[in-house]
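Visitor: I have the sequence and the 3D view open on my screen. Could you walk me through them?

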Amino acid sequence: MKDEIEYNYYLSEKGEMPFSHVHTKFEMYFCAEKTPQRSVINGNEYFYDFPCVIISSPYTIHSMSSVNTSRYERMVVYFGERTLSAFGDRIAHTELLRRSPGYLFELNEAQGRELKELIYPLMKPEREFSEVEKELGFMLFLNKLLEICPEERVTEVGRSALYIQGVLKYLTENFNKDITTDEVAQRFAVSRSKLDRDFKRCTDSTAHDFLEGCRLNNAKNMLLDREKYGSVSEVASLCGFRSDTYFYSFFKRHTGMSPHEYRMSAAKNKK
């Protein structure tokens with residue numbers, strides 16, 4: 001089981017991480033340097049040239065990258081609702097983090113250095129930190145961030161097409177059901193054409209392709225767990241594929257192997 005809160009440190013190259021992606025947790029992105037950057041959040045593009053923190057909520061579609069700097073540091077923390085709830089009244093404005101797709105905090109260089117001193121020690125791989133230590137360290141960081149960054153330098157981001165986050169969550173949690181794009185559009189009270197247009201703008205994919213991708217990824221994981229999921233037919237059914245025949249052809253088209261071959265190849269690689 002993964003930790004509720006995860007710390008990640010990256011020394012990135014120019015343009016690295018350019019593709020939009022989604023997490024099921026909150027994400028806190030921190031760049032302490034004065035670096036020209038570009039972010040795309042729920043299909044909206046932002047350019048800025050200052051140290052910053054970006055906090056995005058679960059299922060926000062986002063990407064962050066440097067514009068012209070060859071190498072730059074970025075620190076990322078993933079945290080869940082349990083961590084946020086654990087703060088309680090000890091941290092101001094936790095509801096601010098729940099009710100929006102994302103916030104951009106503009107910092108100056110001195111503030112970037114101050115915040116880095118708080119969080120950088122938790123990024124060190126040579127020491128294991130307990131869950132409590134991780135949460136307390138993150139609480140101190142967030143408290144300091146909200147203390148030193150005035151409200152006029154906090155920008156809400158990614159508000160347009162906010163319902164797409166709900167669509168992503170719905171598809172991720174219901175991939176195993178027999179649902180269609182028309183039904184999804186009806187559920188979110190939009191036309192099929194609007195759903196297709198907004199989803200494509202935000203994710204560079206269609207809702208149908210995203211749903212099929214969820215089914216494929218979950219099928220791969222289930223095929224690897226032979227003890228729990230004995231038959232390929234069971235995997236196909238649990239992942240929402242309408243027939244075994246369709247599952248076989250779909251799986252081979254996307255992986256180059258049949259489900260049986262994929263399972264055997266994984267077993268051989270384990271030895």
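Visitor: What percentage of the 271 residues in the chain is buried?

Guide: A word on the source before the number: this is a predicted model, in which local features need pLDDT of at least 70, side-chain atom pairs count only at pLDDT 80 or more, and totals for chains, interfaces and linings use all residues. Residues are numbered from 1 along each chain as its sequence is written, and side-chain values use heavy atoms, with hydrogens and water left out. Buried means under 20% relative accessible area, exposed over 50%, and partly exposed in between (1.4 Å probe, protein chains only). By that rule, the buried share of the 271 residues is 46%.

Visitor: How many helices and strands are there in the chain?

Guide: Helices (H or I, at least four residues) and strands (E, at least two) are DSSP runs, numbered from the N terminus. Counted this way, the chain has 11 helices and 9 strands.

Visitor: Which share of the contacts with a separation of 6 or more joins residues 24 or more positions apart?

Guide: Contact here means heavy atoms within 4.5 Å. Among contacts with a separation of 6 or more, the share from residues 24 or more positions apart is 75%.

Visitor: How many aromatic pairs are there, and how are the rings of Phe 26 and Phe 79 arranged?

Guide: Rings of Phe, Tyr and Trp (its six-membered ring) pair if their centres lie within 6.5 Å; planes under 30 degrees apart count as stacked, over 60 as edge-to-face and the rest as tilted. The count by this rule is 14 aromatic pairs. For Phe 26 and Phe 79, the ring centres are 5.2 Å apart and the planes lie at 10°, so this pair is stacked.

Visitor: Which strands does that pair of Phe 26 and Phe 79 tie together?

Guide: Phe 26 is buried at a relative accessible area of 5%, and Phe 79 is buried too, at 0%. The two residues are 53 residues apart in sequence, and the parts that their pair ties together are strand E2 (residues 26-31) and strand E7 (residues 71-79).

Visitor: And Phe 30 with Phe 141: what kind of pair do their rings make?

Guide: Phe 30 lies in strand E2 and Phe 141 in helix H4 (residues 131-148), so the pair links parts 111 residues apart in sequence. Both Phe 30 and Phe 141 are buried. Their ring centres are 5.4 Å apart with planes at 65°, so the pair is edge-to-face.

Visitor: Which residue lies over the face of Tyr 246?

Guide: A charge sits over a ring if NZ of Lys or CZ of Arg is within 6 Å of the ring centre and within 35 degrees of the ring normal. Tyr 246 belongs to one aromatic cluster with Phe 241, Phe 247, Tyr 248, Phe 250, Phe 251 and Tyr 262. Over its face, at 4.0 Å from the ring centre, lies Arg 242.

Visitor: How far apart are the end C-alpha atoms of helix H8?

Guide: The expected span of a helix is 1.5 Å times one less than its number of residues. For the 18 residues of H8 (residues 207-224) that gives 26 Å, and the distance between the end C-alpha atoms agrees: 26 Å.

Visitor: How do H8 and H10 lie relative to each other?

Guide: Axes are lines fitted to C-alpha atoms, for helices over the stretch in contact, and angles run from 0 to 180 degrees between N-to-C directions. The axes of H8 and helix H10 (residues 244-255) come within 11 Å and cross at roughly 95°. Angles under 35 degrees count as roughly parallel, over 145 as roughly antiparallel, 65 to 115 as roughly perpendicular and the rest as oblique. H8 and H10 are therefore roughly perpendicular.

Visitor: Which residues of H10 make the contact with H8?

Guide: On the H8 side, the contact uses Glu 212, Leu 216, Ala 219, Lys 220 and Leu 223. Buried residues of H8 include Glu 212, Leu 216, Ala 219 and Leu 223. The partners on H10 are Tyr 246, Phe 247, Phe 250, Phe 251, His 254 and Thr 255.

Visitor: Is Asn 42, with its positive phi, buried or exposed?

Guide: Asn 42 has phi near 50°, a positive value in a residue other than glycine. The residue lies in the loop between strand E3 (36-41) and strand E4 (44-49). At 0% relative accessibility, Asn 42 counts as buried.
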